[in-house]
Amino acid sequence: MKFSLLGALLAIATTASLGFPTPGSIPLHANSTSAQDLKISGEVPGVPPGSTRYISYDDLLKLPQVTFTVTDDPNFSGKAEISGVYLDELLHTLGIPDQNTLISAICDDLYEAHYTAEYRSAHKPILVLKLNGKPLPHTTRIADGGAYGPYLISHASFTPRFKIHAHDEESQIPNGVLELRFLKEKEVLAAIRPHVNFAADSPEMKGYQIAEQNCFRCHQSGDYGGHKAGRSWTALAKIANADPKGFEAYTKDPQSQNAYAQMPANPGYDDATLHALTAYFKTFAAPTLESK
């Protein structure tokens, strides 16, 4: 009996080490074997800090799937049928807690989308595995003729929960998603919170909420945020502090300031919205605030 029990335990250990499923989990592989593998990193149980793992497309298909016809996702020209996995379903499968977890979706162009626990609860984002019945690499992206894949994130529908001046809550709907990074939400948001305490209705805090949703997708602060723009939070702060009017003009209509700018325009942003962003970024440029 002792030998049989030992053999069974060794068999379980061997199975787990090869990346085969264990109850309540999904296989995690040390190396990628397909362009459709989903890369995961960050705070993942059983994965050493700083390491990455890969989940195969076929194993993602084994998780509980949902299918919706969406009509309000600007990734698509009209109605589209999406099938995939709720981000929270994947979170639970990996044994990651809901609370204090932020999921960062990293794209092939270094754009990032960010999903706080509050956002996931309200909007139930979906990791899309099929579009109109086809895997994403086999579908054409309307924006530029490229492919949507290997993954994109969408919603059954999206209704903004709040409005800050002229900024409505924005849907986080990236395509070309290569990696999901699971992070401690408090640590991520601490990297972009104002350096001192401001009233909740102050321009600085309103600017913070806008920047978290918008600017953070392409600009990084320390270890967090997108790298698509190649311009850090500190660089934005220096511009806002040195040339507030230029900063606001660029934010509203980048191409009017630089014909080669790739940043999308924000034509709906009014003066109050632009002033709030400027006030917020100035808090990162003032040495007197950083020292407090």
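Helix α7 (residues 233-242) has an outward side: the face turned away from its buried side carries the exposed residues Lys238 and Ala242. Here exposed means over 50% relative accessible area, buried under 20% and partly exposed in between, with a 1.4 Å probe and protein chains only. The model is predicted, so local features need pLDDT of at least 70 and side-chain atom pairs count only at pLDDT 80 or more, while totals for chains, interfaces and linings use all residues. Residues are numbered from 1 along each chain as its sequence is written, and side-chain values use heavy atoms, without hydrogens and water.

**Helix α7**
- Helices (H or I, at least four residues) and strands (E, at least two) are DSSP runs, numbered from the N terminus.
- Trp233, Leu236, Ala237 and Ala240 are buried in α7.
- Seen down the axis of α7, the buried residues fall within an arc of 100°, taken from the directions from the helix axis to the C-beta atoms; they therefore line one face of the helix.
- An α-helix has 3.6 residues a turn, so residues three or four places apart point the same way.
- The buried residues of α7 pack against α6 (203-213), β13 (220-221), α8 (244-252) and α10 (271-282), where contact means heavy atoms within 4.5 Å.

**Aromatic rings**
- Rings of Phe, Tyr and Trp (its six-membered ring) pair if their centres lie within 6.5 Å; planes under 30 degrees apart count as stacked, over 60 as edge-to-face and the rest as tilted.
- By this rule there are 11 aromatic pairs.
- Phe76 and Tyr148 form an edge-to-face pair, because their ring centres are 5.7 Å apart and their planes stand at 65°.
- Phe76 lies in the loop between β3 (66-70) and β4 (80-86), and Tyr148 in the loop between β8 (134-135) and β9, so the pair ties together parts 72 residues apart in sequence.
- Both Phe76 and Tyr148 are buried.
- Tyr115 and Tyr119 have ring centres 5.5 Å apart and planes at 70°, so this pair is edge-to-face.
- Tyr115 is buried, with a relative accessible area of 0%, and Tyr119 is buried at 3%.
- Ring pairs link Trp233 with Tyr208, Phe216, Phe247, Tyr280, Phe281 and Phe284 in a cluster.

**Strand β9**
- Strand β9 (residues 151-154) is covered on both faces: Tyr151 and Ile153 are buried on one side, Leu152 and Ser154 on the other.
- Two strands pair if DSSP finds at least two bridges between them.
- β9 pairs with β7 (residues 126-131) in the antiparallel sense over three bridges, and Leu127 stands opposite Ile153.
- Two bridges join β9 to the antiparallel strand β12 (residues 175-184), where Asn175 stands opposite Leu152.
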